[in-house]
Amino acid sequence: MPSKWRTYLLGMQLKHKLIVFFLLLAIIPLGVLGAFSYSQSSRMILDKVCQTLLESLSQVNYSIDYFVQDIEQLSMYIYGNEQVQEALAKDGSRGPEEKHRDEKRIQAILESFIGFKNWDIQIYLLGTNGDRYFTGELLPREYNEYNENWGLFRLARLSGGNVVWDTHYAMKKTEDFGVVLSSGRQIRDINTNEPLGYVVIDIGEAEAADKYNKAQQIPGGQMYLSDRNGYVISSSPSKHQVGAKLTEAFAPRVFQGTKGYFRTTDAEGRAQMVVYDTSQVTGFKLISVVPVGTLTKDGAVIRNLTLLIMIAGIVLSIWLAIVLSVNVTKPLRKLGGLMRQAETGNLNVAFPTQYDDEVGQLGRSFNKMVAQLHTLIEQDYQKQIRVQEAELKAIQAQFNPHFLYNVLDSINWMARIHKIDDISRTVVSLGELLRFSIRKGQPFITIEEDMQQIRNYLLLQKMRYRDKLNVVVEIDDEVRPYYTLKLLIQPLVENAITHGLEMKEGMGTLRIECRRDRDRIVFTVTDDGAGMSEEQLLLLESGGAYRSSKSGGTGIGLSNLRKRLELYFGEEAAMSLRSKPGAGTVVEVIIPIRESAGEDVDQAHDR
């Protein structure tokens with residue numbers, strides 16, 4: 001499947017590719033930036049709200065600390081009150097009238113404490129003499145017949161007169177959760193330090209809830225007030241865990257820390273934030289659990305604004321992508337149309353270039369290519385015409401080879417009959433040269449065969465110049481099987497005789513050498529003839545023709561030789577000349593080794 005999509009995408013038109021590319025280039029950054037900005041803003045809003053909640057919980061905890069301190073001071077006031085000390089120190093078997101007076105007096109004192117603060121609390125004075133004083137309508141049975149080794153009374157007894165706190169556990173009520181927290185203190189005689197009884201202050205759930213209801217309430221949230229042991233003193237709005245140990249999943253993390261907030265999930269997998277603060281005085285923890293969605297609902301405005309900006313950016317990107325792709329590909333489509341016209345043979349087309357960008361450069365290259373094609377076609381047409389004319393002239397001037405061979409053979413036998421050996425050798429050499437020059441086939445022959453034709457040519461020249469010409473031929477045996485270009489050395493030999501030795505007075509020497517130098521073959525033709533001046537040498541090396549003042553011939557053979565070397569061997573071949581007036585000339589030709597006649601022939605013609 002991916003390969004099909006890849007093939008489809010690569011096969012689309014350039015205009016569509018550019019549109020897709022520009023859209024991806026715009027949408028991906030916009031999407032990433034939008035998601036990142038929304039995520040960051042939501043996180044910042046969430047942190048800000050949680051920090052505000054944490055500050056609110058800290059303020060509520062301060063209020064609870066003050067309340068706890070007020071309750072402790074209240075119990076201390078009761079502890080030190082002289083009338084309370086006096087009443088609890090009396091004999092429990094005193095008369096009813098005295099008990100009634102004490103009850104009225106103590107009851108008034110307790111009622112004054114409650115009325116002063118307007119708290120929803122109950123105060124109980126439980127004397128060891130059997131006296132029972134309380135502010136409520138009923139005296140709970142567990143207070144009337146208290147056990148000093150149980151619960152709050154045991155803690156108060158062990159504290160030696162200091163205040164203690166105790167949470168009421170497992171309060172299984174539906175509406176009125178009654179007392180949830182109690183403060184107790186053992187009362188001792190100020191003078192003798194003998195135990196006189198206990199003062200117990202019960203705090204109702206409504207009073208405890210009233211303290212943290214001042215905190216910032218988040219719709220859908222839940223508030224818990226727990227003691228240091230993890231038992232819920234009060235909660236709002238749901239109170240089903242009041243009096244029980246907090247069993248929520250986040251509880252262990254809360255009770256390990258002192259204050260902070262973190263993200264978690266409820267039993268149904270919904271995200272929620274837990275914000276908590278611990279009282280430094282009581283160790284009570286105030287916990288607020290709020291759904292994340294509620295906290296980040298203000299982030300919906302940022303989300304909608306981000307989406308709006310993304311949609312506007314995408315629409316703008318689509319428009320820009322279409323405009324840019326059309327404008328970029330328009331000149332390319334025009335150039336493609338001109339190329340199709342050129343394919344059909346119409347070369348009278350041109351791409352109008354206005355700018356120097358890549359498309360303009362491509363258009364100018366196309367115009368140059370069309371112009372060159374037009375020129376090459378015209379040159380090829382003219383060349384074909386010249387070739388046809390040359391072939392026609394060659395056919396008209398051609399003799400029947402068999403007729404020439406037969407005539408030369410008759411002259412040879414006549415010379416042999418009359419025992420004229422020089423004529424016979426001359427005719428045989430001329431016949432071999434004639435057969436070699438008109439033979440068709442591969443342009444390459446063995447060095448041995450080429451040297452044989454050079455010997456035939458030299459034999460004819462020696463017949464002409466007699467003792468004026470001395471020839472030395474040195475061919476290494478290892479190079480004889482290698483192949484060379486047909487008639488490669490013959491122009492050099494002819495130039496050495498015609499332009500060098502012929503103009504020399506007296507006898508001249510012509511030396512022909514052939515050797516191997518690593519992966520190359522080196523031909524050297526040396527004569528001790530008239531030589532050339534520096535001007536003449538530079539003229540030949542630059543590709544010009546050299547005209548001898550005495551011989552009347554021209555040196556165009558060297559120019560043709562250079563062209564043949566470049567055509568068949570390219571940069572692998574080289575030719576160099578060294579000459580001095582009156583000292584002779586040295587021509588050196590270097591070609592690569594060839595071990596067969598047919599390798600790379602077609603490539604040579606293509607150079």
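Modeller: Begin with burial: D102 is buried, at a relative accessible area of 1%. Keep in mind that this is a predicted model.

Biologist: What does the side chain of D102 meet in a salt bridge?

Modeller: The general idea is that side chains of opposite charge can pair when their charged atoms come close. Here the partner of D102 is R105, with 2.5 Å from N to O. R105 is partly exposed, at 27% relative accessibility.

Biologist: Where do D102 and R105 lie?

Modeller: Both are in helix α4, residues 96–117. They are 3 residues apart, about one turn of the helix.

Biologist: Which residues are joined with D102 and R105 into one network?

Modeller: Take another pair before that. R480 and D477 form a salt bridge, their closest N and O atoms being 3.1 Å apart. R480 is partly exposed at 22% relative accessibility, whereas D477 is exposed at 60%. As for the network, salt bridges that share partners join D102 and R105 with K90, R94, E98 and D131.

Biologist: Which residue forms a salt bridge with R511?

Modeller: E474 does, and the closest N and O atoms are 3.0 Å apart. R511 belongs to strand β14 (residues 508–517) and E474 to strand β12 (residues 469–475), so this pair ties together parts that are 37 residues apart in sequence. Both ends are partly exposed: R511 has a relative accessible area of 30%, and E474 one of 38%.

Biologist: How many salt bridges does a search of the whole structure find?

Modeller: The search finds 14.

Notes
Residues are numbered from 1 along each chain as its sequence is written. This is a predicted model: local features need pLDDT of at least 70, side-chain atom pairs count only at pLDDT 80 or more; totals for chains, interfaces and linings use all residues. Side-chain values use heavy atoms; hydrogens and water are left out. A salt bridge is a side-chain nitrogen of Lys or Arg within 4 Å of a carboxyl oxygen of Asp or Glu. Helices (H or I, at least four residues) and strands (E, at least two) are DSSP runs, numbered from the N terminus. Buried means under 20% relative accessible area, exposed over 50%, partly exposed in between (1.4 Å probe, protein chains only).
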